[in-house]
Amino acid sequence: MAESPTDDKGASGTGSGAANGESAVSPRQFGLRQLYVKDLSFEAPNSPGILTETGLEPEIKLNLRTSHRDLGREISEVVLHVSVHALAGQRTVFLVELEQAGTFQISGFPHDEARAIIGIACPNALFPYARETISSVVQRGGFAQLLL
């Protein structure tokens, strides 16, 4: 028995799936396009005196939040806002505020999945860069390395 010739679509002359009643699905794309520090602030109001104190073990308060905006053409800006406040009693040892941002290509996903990507995957991609920036700034301020 001879087989009927098939085209590169895998069916004998049937064409695309969209012609057969199947909906055409755009390919899913998720990728980091650009990475940048949007805002950075470091304060050590009690320096240099606090740098000479021995046995100083400050309480570290960490706050994280995210924001995002649509830039069009299926590109979103996601910003990871990180605040680290080190306190020794009532005195501020240091305060770091960082907005680590990135633009992301997010296309072909249903709305709920795109929201989850913006809320989870994008901040996860930004966090290592925010962690390194904060650690570096704290060290440059004269303090011991801070690992988030």
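Glu113 is partly exposed, at 34% relative accessibility; here buried means under 20% relative accessible area, exposed over 50%, and partly exposed in between (1.4 Å probe, protein chains only). The model is predicted, so local features need pLDDT of at least 70 and side-chain atom pairs count only at pLDDT 80 or more, while totals for chains, interfaces and linings use all residues. Residues are numbered from 1 along each chain as its sequence is written, and side-chain values use heavy atoms, with hydrogens and water left out.

Across the whole structure, a search finds 4 salt bridges, each defined as a side-chain nitrogen of Lys or Arg within 4 Å of a carboxyl oxygen of Asp or Glu. Among them are the following pairs.

| Salt bridge | N to O distance |
|---|---|
| Glu113 and Arg28 | 2.9 Å |
| Glu77 and Lys38 | 2.8 Å |
| Arg69 and Glu77 | 2.7 Å |

Glu113 forms its salt bridge with Arg28. This pair links distant parts of the chain, 85 residues apart: Glu113 belongs to helix 1 (residues 111-140), and Arg28 to the segment before strand 1 (29-43). Helices (H or I, at least four residues) and strands (E, at least two) are DSSP runs, numbered from the N terminus. Arg28 is partly exposed, with a relative accessible area of 48%.

Glu77 is buried at 5% relative accessibility, whereas Lys38 is partly exposed at 40%. Glu77 also meets Arg69 in a salt bridge, and Arg69 is partly exposed at 46% relative accessibility. Through shared partners, salt bridges join Lys38, Arg69 and Glu77 into one network.
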